Amino acid sequence: MTITDETIDYVAKLAKLELSGEEKESAKKDLSSILNYIDTMNELDTSEMEPMSHVFPIKNVFREDVVVNEADRDNLLSNAPVKKDGCFIVPKTVE
Amino acid sequence: MDITSLTALELGKKIRSGEISVLEATKAQLEILKARDKEYHAYVTIFEEEALSRAKEVQSLIDTGELGDSPLAGVPVAIKDNICTKGNLTTCSSKILNNFKPPYNAEVIERLNRAGAVIIGKVNMDEFAMGSTTETSYYGPTLNPWNTAHVPGGSSGGAAAAVAAEEAFYALGSDTGGSIRQPSAFCGVTGIKPTYGTVSRYGLIAYASSLDQIGPIARDVSDCAAILEVISGHDGKDSTSIHSDNIKYTTALVDDVKGMKIGIPKGYIGKGLDSEVRDGVLKAAKVLESKGAIVEEFDLDIVDYAIPAYYVIASAEASSNLSRYDGVKYGYRTKDFDGLQDVYKKTRSEGFGMEVKRRMMIGAFVLSSGYYDAYYNKALKVKARIKEGFDKAFERYDIILGPTAPTTATRIGESLSDPLKMYLGDIYTVSVNLAGLPAISLPCGVDRNRLPIGLQLIGRPFGEADIIRAAYSYEQTREYARPDLR
């Protein structure tokens, strides 16, 4: 499979990335060769198989809905790039 | 003999008997690591002050009997930099987390603390654990203590190099597609990737959640078993954590493989494998056979499809897991931007390295509409076939034996230019993660350049005891080989 400029632009948009011209060219080349290799999976007949997300039969893991931690706003905000009055600051998004 | 050349259990014993104090051991370790790390660069962050004050605290807990007979009490440990340590830098070797100090500890850190561990620092890795050489780290590569022109492997390359260079008694790494086992092989140390669900992933910064497991890297099998015993067990904070009764791993340290059935997949010793690695691995199989194991070759061709399936699944999960890095709540934020969308895009483009970007784009592609069935769903079906292949193999064999990697440590710079070539180096390790199985890598000799060769033993689900017993029995037949350290 050959990766076109449009495909690279599309996946970069999905991944929220801005690529330089040089990065785009190398990504096109690398993704093409990696996806071509990945296509070898198609040699294998899997028509009888169900897609397997988890290898062990674990499902519906429930626990009691009990609060075990305390409100810890200062600690949680300690890594914020920009903060004010106990809130994260981001550029204005709604006019 | 230097204190730092002791194994973790040997040091723990001397600490409990009062022969060496925790502070003495911690100071000795810090001194050695600061000197040697100028050359090897295994560490990203050294916790000097914290380690020294923690050493005094642990000593008093030992003196008052509060730590009981905990075998690792007072022993300094290094932690891979993708495992959260409260209030201390946890960078994932990425620019995007270069200032991140987690507000909580990973569950494994809590367990180590309860066992009296002294954490001396965080060790280097491929950025977000994506790579097999530790060269994709934002902080620069770690060098292999056996030969500094070579890589230590990856992604837990800092952890394996630190243990080999005696810059740590043991380390915790993480393994998504071989990231504990392959660097252990390249650095001549021992590492275990446990059965999926054995060790809590709470506080492990996610790469591919359905494959990630934390595990020990140490200088011998006994240390690994003791460490695994401390960090494993059910944790309600990880919904994939499993209740298991088989966690007395040290009871499996028995020098006896009589009657054990060992299978060698023909494909694991066939084309693409370096001849010296093949000889080393087959010699190890002979040793186990001479000790009474029954060794046979068999077909497990299905694993040929493990690498493509792995890169689809791991990249897909990575693209989802790494979408959280947006410059809002923690980590790096770009300086110049025009609106919120621009914050996201610029932060991520400036904060992530090329290998991470590549995998996020592969992931976005295989999950995108129109390609989801052909790639992602297909990979999940291939995974089901691989699991089935291993299930059948374990009807006949107790463990599976093979090499950990197709070559010994590659030269610095060799793999970076060709990502696909680097991915192919994971051929013997990734299928284990896809099938959720436990596996150990331990040294089985060196090649003509005196670079270590890794032997891999794979067990059935929750069959850690089998691989530990076989590894321990093999280890009894040889001396620990140490790199030349200054």
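Chain A has a radius of gyration of 23 Å, whereas a compact globule of 95 residues would be near 12 Å. The radius is taken over C-alpha atoms, and the globule rule is 2.2 Å times the number of residues to the power 0.38. This is a predicted model: local features need pLDDT of at least 70, side-chain atom pairs count only at pLDDT 80 or more, and totals for chains, interfaces and linings use all residues. Residues are numbered from 1 along each chain as its sequence is written, with chains lettered from A and ligands numbered from 1 in the order in which they are written.

**Chain A**
- Along the principal axes, its C-alpha atoms fill a box of roughly 55 × 45 × 25 Å.
- Three helices and two strands make up its secondary structure, in the order α-α-α-β-β from the N terminus.
- Helices (H or I, at least four residues) and strands (E, at least two) are DSSP runs, numbered from the N terminus.
- Of its 95 residues, 17% are buried (20 or more other C-beta atoms within 10 Å of the residue's own, placed from the backbone).

**Contact between chains A and B**
- Chain B brings 54 residues and chain A 40; contact means C-beta atoms, placed from the backbone, within 7 Å.
- On the chain B side, α12(B) gives the most, with 11 residues.
- That side divides into 29 nonpolar, 12 polar and 13 charged residues.
- Ala, Val, Leu, Ile, Met, Phe, Trp, Tyr, Cys and Pro count as nonpolar, Asp, Glu, Lys and Arg as charged, and the others, Gly among them, as polar.

**Helix pair in chain B**
- Ala284(B), Val287(B) and Leu288(B) in α8(B) meet Ala470(B), Ser473(B) and Tyr474(B) in α15(B).
- This contact has five nonpolar residues, one polar and no charged.

Conventions: A residue is buried if 20 or more other C-beta atoms lie within 10 Å of its own, exposed if 12 or fewer, and partly exposed in between; C-beta atoms are placed from the backbone. Two residues are in contact if their C-beta atoms, placed from the backbone, lie within 7 Å.
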